[in-house]
Amino acid sequence: MNSIPKKVITFGEVMMRLSPPGYEKFAQANSLDLVYGGGEANVAISCAYLGMKAAHVTRFPDNALGKAATQFLRKHWLSTEHVIYGDNMIGKYFLEKGAVHRSSEVIYEREGSSFSLIKPKMIDWENVLKDADWFHWTGITPAISEGAAKTCLDAVKTAKKMGIKVSGDINSRDNMWKYGKTMQEVIPELVQNCDIVITSTRGIREMFGLGESGDKFGVGAKQLMDTFPKIQKVVGKTRKSLSASHQQIQGKMWNGEEYIKTKMLNITHVIDRVGTGDAFASGLIYGLLHYDDDLQALNFASAACALKHTVPGDVNMVSLENVISLMKGDTSGAIRR
C-alpha cells in the first residue's frame, strides 16, 4: 500500500441543502436544517477525511451565502484557493428524508445559480491541476449549463494532457438537460478522455446507445471500453433497496481483463442515503491510488459507500481506519476506546 500523500481535484456545483428535522414531511416542518453539498465536493471532502489532499473548484455567489459555503468546504479540510465568486444566487435543494417504505423526496432550485453562469475562461486549469494526481467530475455538471459543460471539458482535456488520472461518474439525470444540448451530444466527448468511468448498464445504454435492456453490467462495460479505448476501468454498484431503511450494496468492475465484484454488504438501519454514490467514488479513487489490486480497491469503495449510509448530511466523514475495519469484515460497530 502506497503511503505517499496524493492530491485530488474535483469540479462542480455546491448547493445549500434544506431538510425538515429528522424524518418529518415538508408539511410538518416549522424549520429546515441547513448543510451544503454537491456530488463532486462530497467526493473531495471524503478523500480529505481519508487523509488525502483535496481541493474543490466551483463558483459561488459574491455574498454572505457564498462565503458561508466556502467556509463549509474549509471546515472539512478542502483547499478553496480555486473557488471563484460572481452573481448572487446559490443553488438549493430541499430534501424530505424517507423511512422504511416511504421514499425520500428531493426538489431542486438551481436554475440561474452562480455556478450555472460559469464560463471556461474563468478557470486556469493548468494552474489548478499543476500538482494533482487525480481529477474527478460527474455527469451532473455538464447538464447544468453550456458554460459548465465547456468548463468541465476544458478541465478533462487539460488533466489528460498533463498525465493526470481522470474519473467520471456519469449517471446523469435526463430531465436536467434544459439548455438545448442532450447528454448524448455532450457526455461522449468527456468520456473519451477518462481513465475510470463509474456508471450503470442503464447509463451505458441511454447515453451511448450500447447494449440492450436486460444486459449484464459486464457486457455493457466491455462495449463502452471498446468504444472509448482510453478507458481503463468501468465501475458500478448493485443496490438492492429492501426498504428506505434497509439497503444492500455490491461493487463491480470490468478492468479490461476480468469482471470482478465484491461481496454484498448489508445496511440494516439507513440514517441518510444521500451522498452514498459519492462516497463510493471517493473510496474508489482512494483504493485505486493506494492498492495494487483492483478487488481491494473495489472492496474499499464498497465499504466507504456502506458507511456513508450511517452519516447524516451529504458528506462521508468517516476515517481511513473505519473503512479498513469494515473492509476486513468487522461489522460489529463496537465502541472504540
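Reply: Asn322 is a place to start; Asn322 sits in helix H11 (residues 320–327). Helices (H or I, at least four residues) and strands (E, at least two) are DSSP runs, numbered from the N terminus. This is a predicted model, where local features need pLDDT of at least 70, side-chain atom pairs count only at pLDDT 80 or more, and totals for chains, interfaces and linings use all residues. Residues are numbered from 1 along each chain as its sequence is written, and side-chain values use heavy atoms, with hydrogens and water left out.

Me: Is Asn322 buried, exposed or partly exposed?

Reply: Asn322 is partly exposed, with a relative accessible area of 28%. Buried means under 20% relative accessible area, exposed means over 50%, and partly exposed is in between (1.4 Å probe, protein chains only).

Me: What separates the C-alpha atoms of Asn322 and Leu307?

Reply: A distance of 8.2 Å, with the two residues 15 residues apart along the chain.

Me: New topic. How many aromatic pairs are there?

Reply: The count comes to ten aromatic pairs. Rings of Phe, Tyr and Trp (its six-membered ring) pair if their centres lie within 6.5 Å; planes under 30 degrees apart count as stacked, over 60 as edge-to-face and the rest as tilted. One of the pairs is Tyr36 with Phe72: their ring centres are 5.7 Å apart and their planes are at 50°, so this pair is tilted.

Me: Where do Tyr36 and Phe72 lie?

Reply: Tyr36 is in strand E3 (residues 33–37) and Phe72 is in helix H2 (residues 64–75), so the pair ties together parts that are 36 residues apart in sequence. Both Tyr36 and Phe72 are buried.

Me: And what about the rings of Tyr291 and Phe300?

Reply: Their centres are 6.1 Å apart and their planes are at 50°, so that pair is tilted. Tyr291 and Phe300 are both buried. Elsewhere, ring pairs link Phe11, Phe115, Trp125 and Phe135 into a cluster.

Me: Which lysine lies over the face of Tyr85?

Reply: Lys67, at 4.5 Å from the ring centre. A charge sits over a ring if NZ of Lys or CZ of Arg is within 6 Å of the ring centre and within 35 degrees of the ring normal. Lys97 lies over the face of Tyr23, at 5.2 Å from the ring centre.

Me: OK, cysteines. How many disulfides does the structure hold?

Reply: Zero, where a disulfide is a pair of cysteine sulfur atoms within 2.5 Å. Cys47 is in no disulfide, and the nearest cysteine sulfur, that of Cys305, is 14 Å away. Cys47 is buried, with a relative accessible area of 0%.

Me: Where are Trp77 and Asp87 found?

Reply: Trp77 is in the loop between H2 and strand E6 (84–85), and Asp87 is in the loop between E6 and strand E7 (92–96). Trp77 is exposed, with a relative accessible area of 60%, whereas Asp87 is partly exposed, at 41%.
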